[in-house]
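Here is a friendly briefing to read alongside the model. Please keep the sequence and the 3D view open as you go through the points.

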Amino acid sequence: MRSLLRTLEHATLRDIALVCVADALVGASFGAISVSGGLPLWVPTALSVLVFAGGSQFAAVGVVLSGGGVLAAVATGLVLNARLLPFGFAVADVLQGPWWQRLFGAQMLTDESAAFALQQHEPRRRRAAFWVCGVSLFVVWNVAVLLGGLAGGLIGDTDALGLDAAFPAVLLALVLPSLADRATRTAAVVGAVVAVAATPFVPGGLPVLLALVGLLFAGRPGPGPGLGAPGELGEPGEQEAAPAAMKEEAR
């Protein structure tokens with residue numbers, strides 16, 4: 001671990017530390033809300049060790065506390081965690097060694113560890129950023145969830161501290177960076193409307209899954225660079241004449 005720390009720049013280590021502090025606050029909120037909501041301490045603790053995905057953990061516990069079933073909670077968590085699949089392909093080169101080491105590395109894969117790894121261009125620094133961020137977050141997150149759960153058992157009513165706002169706040173923070181383009185915003189709005197409309201009529205947890213209907217309205221990606229919209233490149237004869245005219249000018 002010490003050699004990995006030496007590989008990274010000071011600025012990268014500072015950013016990883018700041019992310020760990022922020023995740024510690026969220027983890028403590030997760031543990032406190034879970035226990036004060038009626039779940040035994042081992043539930044958020046086991047979720048943090050085995051799942052280790054903040055958004056999925058919040059969503060799954062939120063479904064259970066709102067009266068949803070276990071299957072709905074698991075399905076919601078799996079849907080949210082599906083976003084990590086392309087991250088796994090993007091950082092696959094950092095996971096080397098025997099199968100058990102690659103399996104442990106897969107458990108360390110989070111939005112943050114993938115982001116820090118992708119920021120590095122050298123293979124050695126990519127591996128160092130991934131492992132330092134992943135292991136640090138794993139330790140900090142689990143300790144914070146445990147301490148938050150213990151505090152939640154003593155506090156009792158976490159609503160008085162406003163910790164109940166952590167569920168929507170964390171999920172909103174996960175969604176906002178994805179709303180940069182119009183197609184994604186359309187899908188999100190349609191999904192939100194469907195979920196809100198279905199809430200009074202279906203069991204807890206199902207509205208989140210029904211919100212996937214919004215994906216049908218996401219539309220198709222626009223033309224790639226250099227392709228342009230239909231009609232922008234002119235008629236076929238004009239497209240062939242353009243390179244010839246450029247050659248004549250070069251002469």
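Phe30, Phe58 and Trp141 come together as one aromatic cluster. Rings of Phe, Tyr and Trp (its six-membered ring) are paired if their centres lie within 6.5 Å, and planes under 30 degrees apart count as stacked, over 60 as edge-to-face and the rest as tilted. By that rule there are five aromatic pairs. This is a predicted model, in which local features need pLDDT of at least 70 and side-chain atom pairs count only at pLDDT 80 or more, while totals for chains, interfaces and linings use all residues. Residues are numbered from 1 along each chain as its sequence is written, and side-chain values use heavy atoms, with hydrogens and water left out.

**A stacked pair**

- One of the pairs joins phenylalanine 104 and tryptophan 131, and it is stacked because the ring centres are 5.9 Å apart and the planes meet at 15 degrees.
- This pair links distant parts of the chain, with phenylalanine 104 in helix H7 (residues 99-107) and tryptophan 131 in helix H9, 27 residues apart.
- Tryptophan 131 is buried at 13% relative accessibility, whereas phenylalanine 104 is partly exposed at 40%; buried means under 20% relative accessible area, exposed over 50%, and partly exposed in between (1.4 Å probe, protein chains only).

**The overall fold**

- The protein has 13 helices and zero strands; helices (H or I, at least four residues) and strands (E, at least two) are DSSP runs, numbered from the N terminus.
- Of the 251 residues, 29% count as buried.
- Among contacts with a separation of 6 or more, 72% come from residues 24 or more positions apart, where contact means heavy atoms within 4.5 Å.

**Helices H2 and H3**

- Helix H2 (residues 10-36) packs with helix H3 (residues 42-50) at an angle of about 145 degrees, and their axes are 8 Å apart.
- The axes are lines fitted to C-alpha atoms, for helices over the stretch in contact, and angles run from 0 to 180 degrees between N-to-C directions.
- H2 brings Phe30, Ser34 and Val35 to the contact, and H3 brings Pro44, Leu47 and Ser48.
- These residues divide into four nonpolar, two polar and no charged; Ala, Val, Leu, Ile, Met, Phe, Trp, Tyr, Cys and Pro count as nonpolar, Asp, Glu, Lys and Arg as charged, and the others, Gly among them, as polar.

**Salt bridges**

- There are three salt bridges, each a side-chain nitrogen of Lys or Arg within 4 Å of a carboxyl oxygen of Asp or Glu.
- Aspartate 93 and arginine 126 meet at 2.8 Å, N to O, linking the loop between helix H6 (84-90) and H7 to helix H9 across 33 residues.
- In this pair, arginine 126 is buried at 12% relative accessible area, while aspartate 93 is partly exposed at 34%.
- Arginine 125 bridges to glutamate 122, with the closest N and O atoms 3.9 Å apart.
- Aspartate 15 bridges to arginine 14, with the closest N and O atoms 3.3 Å apart.

**Glutamine 120**

- Glutamine 120 lies in the loop between helix H8 (111-119) and helix H9 (123-155), and is buried at 12% relative accessible area.
- Beyond its neighbours within four places in sequence, glutamine 120 touches Thr12, Arg125, Arg126 and Ala129.
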